[in-house]
Amino acid sequence: MSIAATFLDRSRYYLCREYPTKIRAAVEAMPADRLWWRPNEQSNSVGNLLLHLSGNVRQWMISGVGGQPDVRKRNMEFAARGGATAAGMLDGLDATLREVDDVLRALLPSELLERRSIQGRDTTVMEAVYHVVEHFAGHTGQIIWIAKMAAAPGAVKFYEDGDGTATPLFLAEGEMEMGTARSELRDQSSE
């Protein structure tokens with residue numbers, strides 16, 4: 001697999017598998033009344049962060065890279081103080097990420113250096129994808145931190161430290177952290 005194809009594959013894995021899986025587990029472990037809690041007026045709630053992630057990936061990936069109309073109202077993501085439920089926002093984020101996955105799956109490695117104007121920035125497709133993955137990772141960490149503060153102790157846990165290695169608890173049986181099944185690794189090593 002080429003470097004470009006690997007980059008796109010890893011981006012799809014993080015945006016469409018690992019990060020949303022961790023976000024869902026963290027949010028579902030939180031008491032419902034903490035979804036819109038803010039430590040102060042300059043901070044965002046988990047609800048705001050979920051709206052913001054959906055808006056950001058829609059603007060950058062679905063619109064900016066994929067060519068769909070830009071319908072984002074960024075200021076509304078931060079102004080919200082309630083209304084939506086955790087389940088509704090998580091399902092909405094999942095639906096948006098399915099569209100993002102379609103955009104990433106359709107990208108050709110040769111398109112990564114094409115120029116786009118996104119959110120007033122002149123960027124390449126590769127830079128846009130990289131930005132979205134790192135941006136999503138940062139907010140995933142914020143959501144997990146808030147959830148760990150709000151949930152019962154130990155309710156938000158993603159790795160088991162048994163033998164000195166961190167074994168992921170958020171993956172399906174046989175799935176490796178980077179999205180490759182153990183059987184696929186064995187098949188590749190015997191080639």
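Helix 2 (46–65) and helix 5 (125–150) pack with their axes 10 Å apart and at an angle of about 170°, where helices (H or I, at least four residues) and strands (E, at least two) are DSSP runs numbered from the N terminus. The axes are lines fitted to C-alpha atoms, for helices over the stretch in contact, and the angles run from 0 to 180 degrees between N-to-C directions. Helix 2 is therefore roughly antiparallel to helix 5, on a scale in which angles under 35 degrees count as roughly parallel, over 145 as roughly antiparallel, 65 to 115 as roughly perpendicular and the rest as oblique. This is a predicted model, in which local features need pLDDT of at least 70 and side-chain atom pairs count only at pLDDT 80 or more, while totals for chains, interfaces and linings use all residues. Residues are numbered from 1 along each chain as its sequence is written, and side-chain values use heavy atoms, with hydrogens and water left out.

On the side of helix 2, the residues that meet helix 5 include Leu49, Leu50, Leu53, Val57, Trp60 and Met61, contact meaning heavy atoms within 4.5 Å. Their counterparts in helix 5 include Val129, Val132, His135, Phe136, His139 and Ile143. By class, the contact of helix 2 with helix 5 has 15 nonpolar, six polar and no charged residues; here Ala, Val, Leu, Ile, Met, Phe, Trp, Tyr, Cys and Pro count as nonpolar, Asp, Glu, Lys and Arg as charged, and the others, Gly among them, as polar.

Helix 1 (3–29) and helix 4 (86–106) form another packed pair, at an angle of about 175° and with their axes 10 Å apart, which means that helix 1 is roughly antiparallel to helix 4. Among the residues that make this contact are Leu8, Ser11, Arg12, Leu15 and Ile23 of helix 1, together with Leu90, Asp91, Leu93, Leu97 and Leu104 of helix 4. By class, the contact of helix 1 with helix 4 has 12 nonpolar, one polar and seven charged residues.

The largest nonpolar core has 48 residues, and those with the most contacts inside it are Ile23, Leu50 and Phe136. Such a core is a set of buried Ala, Val, Leu, Ile, Met, Phe, Trp, Tyr and Cys residues joined through side-chain atoms within 4.5 Å. Helix 1, helix 2, helix 4 and helix 5 each supply at least two residues of this core, and the largest share, 11 residues, comes from helix 5. Leaving aside neighbours within four places in sequence, Phe136 is in contact with Leu15, Tyr19, Ile23, Leu53, Val57, Leu93 and Leu97.

| Residue | Relative accessible area | Class |
|---|---|---|
| Serine 11 | 4% | buried |
| Threonine 21 | 23% | partly exposed |
| Glutamine 119 | 31% | partly exposed |
| Threonine 124 | 7% | buried |
| Alanine 150 | 18% | buried |
| Leucine 171 | 15% | buried |

Serine 11 is found in helix 1 and, not counting residues up to four places away in sequence, touches Leu104, Val129 and Val133. Threonine 21 also belongs to helix 1, and its C-alpha atom is separated by 18 Å from that of asparagine 56, 35 residues apart along the chain.

Alanine 150 lies in helix 5 and, with neighbours within four places in sequence set aside, is in contact with Met30, Pro31 and Arg34. The C-alpha atoms of alanine 150 and alanine 29 are separated by 8.4 Å, although these residues are 121 residues apart along the chain.

Glutamine 119 is found in the loop between strand 1 (115–118) and strand 2, and its phi is near 50°, a positive value in a residue other than glycine. Threonine 124 has its place in strand 2 (residues 121–124), and beyond its neighbours within four places in sequence it is in contact with Leu112, Leu113, Glu114 and Arg115. Leucine 171 is in the loop between strand 4 (166–168) and helix 6 (182–189).

As for confidence, the protein chain averages a pLDDT of 90, and 92% of the residues score at least 70, pLDDT being the predictor's confidence in each residue, from 0 to 100. Over residues 181–191 the pLDDT is below 50, and beyond near neighbours in sequence this stretch has eight contacts in the model.

Key. Buried < 20%, exposed > 50% of the residue type's maximum accessible area, 1.4 Å probe, protein only.
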